[in-house]
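Keep the structure open while you read.

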Amino acid sequence: MANFILHVIIMMGIYAILSLSLNFMLGYAGIISICHSAFFGIGAYAGALISLKLGLPFVIEMFLACSIAGLCGLIIAAPTLRLDEDYMSLATYAFGVIVYTVLSNWHSLTRGPLGLPGIPRIEIFSLAFDQLWSYACLVLFFVALTIACLASWIRSPLGKLLMAIREDQVAVSAIGKNVAFFKILATVISSFFAGIAGVLLAHYLTFIDPSTFVIQESFIILGMVVFGGMGTIAGPVAGAITMVFIPEALRFIGLPSFYAAHLRQVMFSLLIIMILLKRPQGLLGKKLE
Amino acid sequence: MILLETKGLCKNFGGILAVREFSLKVKRGTVTALIGPNGAGKTTVFNLITGHLPITRGEIFFRGERIDGLPPHRIVRSGIARTFQLVRIFPRLTVLENVMVALRTPRGESLWESLVKTRRLREEALENHKKTLEYLVQVGLLENKSQYAQNLGFGQQKLVEIARAMATEPELLLLDEPTAGLSQDMTTSIQNLIHGLKKQGKTILFIEHDMRVVMGISDWIYVLNYGEKIAEGPPEEIKKNQRVIQAYLGSES
């Protein structure tokens, strides 16, 4: 029982980091991106490959993997910036599909659908995080770190500027700020932190394969942000907690896992429909008076 | 001293010549009006000057240097600010935030400094807060500072936009129909505001339809019709200019 709870906490933590990072670019900067699963996957694969092939210390591995994810954020952001909102979302969607396709087909690097097994446990200064409870602490540490960093930036003039970009980009260019630069910056930060979640997942499952990072996952993460409340800090966390909890709870009450997987999708749809009908600003979202 | 100058400015929208061979000179410290019937190309001229639209032909000089072709944020940084015909404030930000966001915040925008909250960052924040309040006082919106901009009346939103433009510390202010849709009281406030800005040494180029305002505060007027300059001169001459009267002044505004 305790193990199950710890497992759920770990998954909630990982998805909280994903939701928080997506919310940074979506809820604050107003950039509609549906490829967060791509950054998640890039972080996971980068972390896994670095630890399998190079065996670098964990802190360096984490930093490198996240930087690679951030770099991919730059690669998608730079050319798609000038597109209209709707077309930009399509472009990000395409990027997500491309990443999945690359992960599934670059056999020499990623072993394609066979995945990467045997990802080593994390060790920091010869402290091994091989127990569930210690791993949960590690994940929660990174959740706290993510919240601390993103909240600092959101509350600073940088955060206000991103929100202004969300409101009216033309007006922001008319006050002398380089909109393109800040949109790229928001995307890179967002993808960097999504990489953290990827690395944590890789070392937790010790096995990753492309199916975890299908484009549909981006919608789940998006759903968590919308459900929990865009544009707030607690919102995405609440969204992640809810949407991880419900399918896991279903499994716990004895539903065979075959049903649980499909039920997750049904639950997801129901939650989104409910929240948009009853409380469109999200569970913890603010309605402006 | 000529602060802003355009030479032979042209803008072609795929066959529609919205602006033809428009040349103007704006002297430092003056208030210049750009008038003309609806659709004459006045806002297009503004968009060309601020870089929001690429020019088809011609040159634009600010303080003697070419600025056409530069991106809008660089042009604003060099000292030109503008307001929009249909107000473009940030609805879900407070009045205070709307204006503060326009200030120079090199420390606030630094990732590292805002993470670690250095002393210089906090000093900059306090300084900017103080400056923002001063701008709000100037436009008379101090009491509304914590309201969300979307909840303000139209006239007040226009004031927010003007305060925001002022906050970029420009030499030249481009005001696009600052009194459009406003009551007589608010129109007078804006008129006084523009007069106050001129006293501070700012240069103003504004688009306006209200002839009383135009004649009341302008030092020089340019008249545009179908994208072409049909007249320029001080208010007394423009009032009597037959071409202008025919094109524009015939109707009550």
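1. Two strands pair if DSSP finds at least two bridges between them. Helices (H or I, at least four residues) and strands (E, at least two) are DSSP runs, numbered from the N terminus. With that in hand, look at strand β4 (residues 57–62) of chain B: two bridges join it to β5(B), and the two run antiparallel. Within that pair, B:F62 stands opposite B:E65.

2. A word on what you're looking at. This is a predicted model, where local features need pLDDT of at least 70 and side-chain atom pairs count only at pLDDT 80 or more, while totals for chains, interfaces and linings use all residues. Residues are numbered from 1 along each chain as its sequence is written, and chains are lettered from A and ligands numbered from 1 in the order in which they are written.

3. Now the sheet that β4(B) and β5(B) sit in. It is an open sheet of four strands in chain B, ordered β2-β1-β4-β5, with antiparallel pairing. Its edge strands, pairing on one side only, are β2 (16–27) and β5 (65–66) of chain B. Helix α1(B) packs on this sheet and touches β1 (2–13), β2 and β4 of chain B (contact: C-beta atoms, placed from the backbone, within 7 Å). The direction of α1(B) makes about 70° with that of β2(B) (axes are lines fitted to C-alpha atoms, for helices over the stretch in contact, and angles run from 0 to 180 degrees between N-to-C directions).

4. How many residues of helix α1 (residues 42–49) of chain B are buried? Eight of its eight. Buried here is 20 or more other C-beta atoms within 10 Å of a residue's own, exposed is 12 or fewer, and partly exposed is in between, with C-beta atoms placed from the backbone. Among the buried ones are B:K42, B:F46 and B:I49. Just after α1(B), B:G51 takes a positive phi of about 85°.

5. Chain B has another open sheet, this one of six strands: the order is β6-β7-β8-β3-β9-β10, with mixed pairing. The edge strands here are β6 and β10 (228–233) of chain B. From one strand to the next, the twist averages 15°.

6. Zoom in on strand β7 (residues 172–176) of chain B, where five of five residues are buried. B:L172, B:L174 and B:D176 point one way, while B:L173 and B:L175 point the other. Strand β6 (residues 80–82) of chain B pairs with β7(B) in the parallel sense over three bridges; B:I80 stands opposite B:L172, and B:R82 opposite B:L174.

7. β7(B) also pairs with strand β8 (residues 203–207) of chain B, in the parallel sense over five bridges. There, B:D176 has B:I207 as its bridge partner.

8. Finally, chain A. The axes of helix α2 (residues 36–54) and helix α3 (residues 58–80) of chain A come within 8 Å and cross at roughly 145°. Residues of α2(A) including A:F39, A:I42 and A:I50 meet residues of α3(A) including A:M62, A:L64 and A:C72.

9. And where do the chains meet? 21 residues of chain A are in contact with 24 residues of chain B. On the chain A side, α6 (132–155), α7 (157–167) and α8 (169–173) each supply at least two residues, and α7(A) gives the largest share, seven residues.

Terms used: Two residues are in contact if their C-beta atoms, placed from the backbone, lie within 7 Å.
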